[in-house]
Amino acid sequence: MTTRLRRPSIWRGLLVTAGLLAFQGYLGWSAIGGNFGTESQKLMKADIVDLKVQSAALQAEIDAYRHKVDLFDPKKLDPDILTERARALLSMAQVGDLVIMVDPQTGKPLSGSIMSSTENQSMPKIEAGID
(Lines give C-alpha, C1' and ligand atoms only; values in the text may rest on other atoms or scores of the structure.)
Protein backbone atom coordinates (compact mmCIF):
# COMPACT_ATOMS: atom_id res chain seq x y z
CA MET A 1 0.00 0.00 0.00
CA THR A 2 1.40 3.27 -1.00
CA THR A 3 0.75 6.49 0.78
CA ARG A 4 1.31 9.83 -0.64
CA LEU A 5 2.44 12.61 1.72
CA ARG A 6 1.19 16.08 0.94
CA ARG A 7 3.44 18.97 1.45
CA PRO A 8 1.91 21.83 3.40
CA SER A 9 0.77 24.68 1.23
CA ILE A 10 2.90 27.84 1.24
CA TRP A 11 -0.24 29.97 1.21
CA ARG A 12 -1.39 28.57 4.52
CA GLY A 13 1.87 29.60 6.22
CA LEU A 14 1.70 33.07 4.69
CA LEU A 15 -1.93 33.47 5.78
CA VAL A 16 -1.13 32.53 9.39
CA THR A 17 1.87 34.88 9.40
CA ALA A 18 -0.21 37.73 7.98
CA GLY A 19 -2.95 37.12 10.56
CA LEU A 20 -0.47 37.17 13.43
CA LEU A 21 1.17 40.36 12.12
CA ALA A 22 -2.23 42.02 11.80
CA PHE A 23 -3.09 41.02 15.38
CA GLN A 24 0.23 42.43 16.62
CA GLY A 25 -0.47 45.66 14.74
CA TYR A 26 -3.87 45.90 16.39
CA LEU A 27 -2.36 45.36 19.84
CA GLY A 28 0.27 48.03 19.16
CA TRP A 29 -2.37 50.53 18.03
CA SER A 30 -4.53 49.70 21.02
CA ALA A 31 -1.62 50.30 23.42
CA ILE A 32 -1.02 53.78 21.99
CA GLY A 33 -4.28 55.13 20.60
CA GLY A 34 -7.04 52.86 21.91
CA ASN A 35 -9.63 53.63 24.56
CA PHE A 36 -7.17 52.89 27.36
CA GLY A 37 -3.94 53.70 25.53
CA THR A 38 -1.32 56.26 26.48
CA GLU A 39 -3.02 59.11 24.60
CA SER A 40 -6.36 58.40 26.25
CA GLN A 41 -4.70 58.25 29.66
CA LYS A 42 -3.40 61.81 29.19
CA LEU A 43 -6.93 62.97 28.39
CA MET A 44 -8.34 61.08 31.36
CA LYS A 45 -5.79 62.68 33.71
CA ALA A 46 -6.74 66.14 32.43
CA ASP A 47 -10.41 65.29 32.98
CA ILE A 48 -9.61 64.12 36.51
CA VAL A 49 -7.97 67.46 37.32
CA ASP A 50 -10.97 69.38 35.93
CA LEU A 51 -13.40 67.23 37.88
CA LYS A 52 -11.41 67.73 41.10
CA VAL A 53 -11.64 71.50 40.62
CA GLN A 54 -15.40 71.21 40.05
CA SER A 55 -15.70 68.97 43.08
CA ALA A 56 -13.86 71.50 45.27
CA ALA A 57 -16.12 74.33 44.04
CA LEU A 58 -19.24 72.28 44.71
CA GLN A 59 -17.94 71.28 48.14
CA ALA A 60 -17.40 74.96 48.99
CA GLU A 61 -20.96 75.70 47.89
CA ILE A 62 -22.27 72.81 49.99
CA ASP A 63 -20.33 74.09 53.00
CA ALA A 64 -21.78 77.57 52.50
CA TYR A 65 -25.31 76.15 52.43
CA ARG A 66 -24.61 74.02 55.51
CA HIS A 67 -23.38 77.13 57.31
CA LYS A 68 -26.58 78.98 56.36
CA VAL A 69 -28.67 76.05 57.59
CA ASP A 70 -26.69 75.92 60.84
CA LEU A 71 -27.58 79.56 61.45
CA PHE A 72 -31.22 78.47 61.82
CA ASP A 73 -30.33 76.28 64.79
CA PRO A 74 -32.21 77.70 67.80
CA LYS A 75 -29.18 77.18 70.04
CA LYS A 76 -26.97 79.32 67.77
CA LEU A 77 -29.59 81.87 66.66
CA ASP A 78 -28.96 85.44 67.77
CA PRO A 79 -32.30 87.25 68.25
CA ASP A 80 -30.81 90.64 67.39
CA ILE A 81 -29.49 89.45 64.04
CA LEU A 82 -32.81 87.71 63.34
CA THR A 83 -34.88 90.82 63.97
CA GLU A 84 -32.44 93.00 62.00
CA ARG A 85 -32.60 90.72 58.95
CA ALA A 86 -36.38 90.32 59.18
CA ARG A 87 -36.92 94.06 59.42
CA ALA A 88 -34.55 94.69 56.50
CA LEU A 89 -36.22 92.08 54.29
CA LEU A 90 -39.76 93.18 55.18
CA SER A 91 -38.93 96.93 55.14
CA MET A 92 -40.44 97.41 58.57
CA ALA A 93 -39.49 99.70 61.45
CA GLN A 94 -40.15 99.84 65.17
CA VAL A 95 -41.33 102.78 67.21
CA GLY A 96 -38.39 105.09 67.86
CA ASP A 97 -36.42 104.05 64.74
CA LEU A 98 -35.06 106.80 62.53
CA VAL A 99 -36.20 106.08 58.98
CA ILE A 100 -34.49 107.88 56.10
CA MET A 101 -35.77 107.38 52.58
CA VAL A 102 -32.86 107.26 50.12
CA ASP A 103 -32.52 107.27 46.36
CA PRO A 104 -31.23 103.78 45.35
CA GLN A 105 -28.94 105.15 42.60
CA THR A 106 -27.24 107.92 44.55
CA GLY A 107 -27.69 106.84 48.15
CA LYS A 108 -28.76 110.36 49.15
CA PRO A 109 -31.94 111.14 51.10
CA LEU A 110 -34.97 112.03 49.01
CA SER A 111 -36.23 114.97 51.07
CA GLY A 112 -36.10 116.54 54.49
CA SER A 113 -33.69 118.48 56.64
CA ILE A 114 -31.11 115.69 56.82
CA MET A 115 -30.16 116.16 53.14
CA SER A 116 -27.78 118.99 53.97
CA SER A 117 -25.98 116.93 56.62
CA THR A 118 -25.21 114.14 54.12
CA GLU A 119 -23.86 116.57 51.56
CA ASN A 120 -21.32 118.06 53.95
CA GLN A 121 -20.09 114.55 54.93
CA SER A 122 -21.25 114.77 58.54
CA MET A 123 -23.01 111.44 57.92
CA PRO A 124 -21.57 108.58 55.86
CA LYS A 125 -23.10 107.66 52.53
CA ILE A 126 -26.02 105.28 52.93
CA GLU A 127 -25.53 102.15 50.87
CA ALA A 128 -28.44 100.50 49.12
CA GLY A 129 -29.58 97.56 51.26
CA ILE A 130 -28.01 95.69 54.16
CA ASP A 131 -26.04 93.08 52.23
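Begin with the whole protein chain: among contacts (heavy atoms within 4.5 Å) between residues at least 6 apart in sequence, 18% join residues at least 24 apart. The model is predicted, so that local features need pLDDT of at least 70 and side-chain atom pairs count only at pLDDT 80 or more, whereas totals for chains, interfaces and linings use all residues. Residues are numbered from 1 along each chain as its sequence is written, and side-chain values use heavy atoms, with hydrogens and water left out.

Colour the chain by secondary structure. Helices (H or I, at least four residues) and strands (E, at least two) are DSSP runs, numbered from the N terminus. Of the 131 residues, 5% count as buried, where buried means under 20% relative accessible area, exposed over 50%, and partly exposed in between (1.4 Å probe, protein chains only).

Select residues 10-33, helix H1. Its 24 residues reach 34 Å from first to last C-alpha, close to the 34 Å expected at 1.5 Å a residue; the expected span is 1.5 Å times one less than the number of residues. At the start of H1, a side-chain oxygen of Ser9 comes to within 3.3 Å of the backbone nitrogen of Trp11.

Move to Gly37, in the loop between H1 and H2. Gly37 is buried, because its relative accessible area is 2%. Leaving aside neighbours within four places in sequence, Gly37 is in contact with Ser30, Ala31 and Ile32.

Then pick Ser40, in helix H2 (residues 38-70). Ser40 counts as buried because its relative accessibility is 16%. Its side chain reaches the backbone oxygen of Asn35 at 3.4 Å. With neighbours within four places in sequence left aside, Ser40 is in contact with Gly34 and Asn35.

Select helix H3 (residues 79-90), which supplies the largest share of the lining of the second largest pocket, 5 residues. The 12 residues of H3 should span 16 Å at 1.5 Å a residue, and the end C-alpha atoms are 16 Å apart, which agrees. Just after H3, Ser91 takes a positive phi of about 55°.

Finish by displaying the lining of that pocket, which includes Lys68, Phe72, Asp78, Arg85 and Leu89.

Terms used
Polar contact = N/O pair within 3.5 Å; in protein donor to acceptor, adjacent residues only side chain to side chain. 1 Å grid on protein atoms, 1.4 Å probe; cavity = no way out; pocket = protein on both sides within 12 Å on 5 of 7 lines; lining within 4 Å.
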